[in-house]
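Hi there,

I am passing on the structure we talked about, together with some notes on it. Please have a look at it first and then read on.

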Amino acid sequence: MSSSGSTYGDIHRYEPARESTAATLAIVLLTVIEVVFVFMFTYGLVNGWGLSDTGNMFLGAILAVVFVDLAFILVLYRKEFLPDVMIVKKRRRKWEDLYVREEDADGAEFGVDAWEQVKRAVYPYYKR
């Protein structure tokens, strides 16, 4: 679904999420696996597996698996359950920066109108 609005903030394209059942089952399965590995990491941490060299590496590997599993859960959720929305944004010129106005692109003299420079340094979005 597209709109022809060109004002800032208009939705340019909106595609609803697929919300597939296979992705839901995969997320549930990955969440169960996540809980098992978190329990195993906590059990190993409490029982002192980290005091030996191999146990410390084993705990590190379990922690890595926990975060990789969490990453897969988040990727599946983002891909299958969040809509694809493109909004209209303002185009900015290449030289433009938050703190530089067009008339100040070449720089400002030091000490001239110091109070205005202080106001712009403290509040960069200061309007004239």
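Which residue caps the N-terminal end of α2? S52 does, with a side-chain oxygen 3.2 Å from the backbone nitrogen of G55. (A polar contact is a pair of N or O atoms within 3.5 Å; within protein, one must be able to donate a hydrogen and the other to accept it, and residues adjacent in sequence count only if both atoms are side-chain atoms.)

Before you go further, please note that this is a predicted model, where local features need pLDDT of at least 70 and side-chain atom pairs count only at pLDDT 80 or more, while totals for chains, interfaces and linings use all residues. Residues are numbered from 1 along each chain as its sequence is written, and side-chain values use heavy atoms, with hydrogens and water left out.

**The overall picture**

The protein has 3 helices and 2 strands, in the order β-α-α-β-α along the sequence. Helices (H or I, at least four residues) and strands (E, at least two) are DSSP runs, numbered from the N terminus. Of the 128 residues, 12% count as buried; buried means under 20% relative accessible area, exposed over 50%, and partly exposed in between (1.4 Å probe, protein chains only). Among contacts (heavy atoms within 4.5 Å) between residues at least 6 apart in sequence, 64% join residues at least 24 apart.

**Helix α2 and its partner**

Helix α2 has 29 residues and spans 42 Å from its first C-alpha to its last, close to the 42 Å expected at 1.5 Å a residue. That expected span is 1.5 Å times one less than the number of residues. Its buried residues are G55, L59, I62, V66, D69, I73 and E80, and the buried residues of α2 pack against α1 (21-46).

D69, in α2, is buried yet has no salt bridge, and the nearest side chain of opposite charge, R78, is 16 Å away. E34, in α1, is also buried without a salt bridge, with R78 again the nearest side chain of opposite charge, 17 Å away. (A salt bridge is a side-chain nitrogen of Lys or Arg within 4 Å of a carboxyl oxygen of Asp or Glu; Lys and Arg count as positive and Asp and Glu as negative, while His and the chain ends are not counted.) Leaving aside neighbours within four places in sequence, D69 is in contact with L30, I33 and E34, and E34 touches V66, D69, L70 and I73.

**Aromatic rings**

There are 4 aromatic pairs in the structure. One of them joins W49 and F58, which are tilted at 5.7 Å centre to centre with 50° between the planes. Y77 and F81 form a stacked pair, at 5.9 Å and 25°. Rings of Phe, Tyr and Trp (its six-membered ring) pair if their centres lie within 6.5 Å; planes under 30 degrees apart count as stacked, over 60 as edge-to-face and the rest as tilted. Y77 and F81 both lie in α2 (residues 53-81), 4 residues apart, about one turn of the helix. F39, Y43, W49 and F58 form one aromatic cluster.

**Strand β2**

M86 sits in strand β2 (residues 84-87) and is partly exposed, at 34% relative accessible area. Its C-alpha is 5.0 Å from that of R13, 73 residues apart along the chain. Not counting residues up to four places away in sequence, M86 touches D10, I11, H12 and R13.

Best wishes
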